[in-house]
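Take a look at the model below.

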There are 2 protein chains.
Amino acid sequence: MRRYARPTIKPRKVPVQARSTQLVADIVRAAVRVLEREGPHKFTTVRVAETAGVSVGSLYQYFPNKQSILYRLQADEWSRTSEAIDSILQDEGKPPAARLRAMVRFFFHSECDEAPFRLALDAAAPEYHSAPESRAHRVRGQRIWRRFMESAAPRATPAERAFAAQLVLMTVTALGKQVSEKNLTRAQVTRWADAVSDMLLGALARYGSKRPS
Amino acid sequence: MRRYARPTIKPRKVPVQARSTQLVADIVRAAVRVLEREGPHKFTTVRVAETAGVSVGSLYQYFPNKQSILYRLQADEWSRTSEAIDSILQDEGKPPAARLRAMVRFFFHSECDEAPFRLALDAAAPEYHSAPESRAHRVRGQRIWRRFMESAAPRATPAERAFAAQLVLMTVTALGKQVSEKNLTRAQVTRWADAVSDMLLGALARYGSKRPS
DNA sequence: GTACAATACGAAGGATCCTTCGTGTTCACA
DNA sequence: TGTGAACACGAAGGATCCTTCGTATTGTAC
């Protein structure tokens, strides 16, 4: 797999005074707006700065380049969702199947609610997707799922659980994205989420019981 | 869902003499090369022309703009795979389950074999994804699957079949792409394909038998 | 072999963009 | 109140790119 050039993503300077903290927050908010309203193609440092009501120069004092802004948005997003997902999956009060179902519903709806933003972010993703920082997020996501597997498929071997965790993670994220591109009503989204849950639970049942080849 | 500006994609002029036919073929071949070797970011009309050994002016005589080249590559790809998939799914000699399994294996391997090219093409996709021409391809894909459903879930209602067809189509394409990004050995890819097949067959079994809500 | 159509060429116009850097302003602290 | 650090500004340098168009060449039909 060929990888392409990628510059750093680390912040250039950390805001210390109140006004610069506010400025960075404004930039992030503006970046979301620009991405949603103008699309990835028009996501420009100057446009983001203008929308935020600051100068480009100020922007470049806290973000080393354009990709770092996009990455910041993605990272914030990842933190929010993975936290929510984690807490849903860990809710010991419910059986694993119910937890999975709740999680898929939540994820699908969240994907659909922010569809324009996420789509634009995905379109811009190739510019930061291979950054080491984003690997960390993926690893964290896998850990969450592997832990869930321990209660969902207790009789499976660790290797099986790892595989099943990957399968579930990939299926939910990939299908969530696809569903979010279809402009569905909330009821339809729920229906899709449940269909995917059913499918996954069926697959997990197999891992928990019989010996695979 | 917000859509962004998109110019036409139709060819500007149709080659009639032998040399121009060759020229167009060279451009297409060169476009694939550039996309694979340089990545979507460096996919440039001038670079494509140079790689093809022709001038940019000549390129613009047969392609109205850059997107039309990308679209041409994608359309060729779609034609090839959808034809192959169609014939696999229609093979009346095998039971539906075996056909599905064969199809998923074929598709996953084909995705993995051309991973760098497809990834780059996907990264460039937002520029043509909303074109009406590409809708036609999606519709055609759904038709293929709906027909398959008639033999795979004969007892389901047409509405259920349509839903199941979408589920299968989305799952296979979305997971195929994800698997192709993981740099796996052929054996691992086969294992993934079979796991996905099992999952889908389990889901389809439910559609064929019991009454859903 | 002549004339017209088809084709090929590639320099340059026009449009963005990303990023820097010199200058001016504001804040914190003594 | 004075001083240095933090901060903000935005014009402009530098780098691509997409696309056009006037010119030159090649193919074809008569």
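## Where the chains meet

How many residues of chain A are in contact with residues of chain B? The count is 39 residues of chain A and 39 residues of chain B, where contact means heavy atoms within 4.5 Å.

This is a predicted model: local features need pLDDT of at least 70, side-chain atom pairs count only at pLDDT 80 or more, and totals for chains, interfaces and linings use all residues. Residues are numbered from 1 along each chain as its sequence is written, chains are lettered from A and ligands numbered from 1 in the order written, and side-chain values use heavy atoms, without hydrogens and water.

## What the interface is made of

Chain A and chain B bury about 3,300 Å² between them. Buried area is the accessible area (1.4 Å probe) that two parts lose on being put together, summed over both. Carbon and sulfur atoms give 67% of this area. On the side of chain A that touches chain B, helices H1 (18-38), H6 (115-124), H8 (158-180) and H9 (186-208) of chain A each give two or more residues. Helices here are DSSP runs (H or I, at least four residues), numbered from the N terminus.

A backbone N or O atom of A:Gly57 lies 3.2 Å from a base nitrogen of DNA strand D.

Notes
A polar contact is a pair of N or O atoms within 3.5 Å; within protein, one must be able to donate a hydrogen and the other to accept it, and residues adjacent in sequence count only if both atoms are side-chain atoms.
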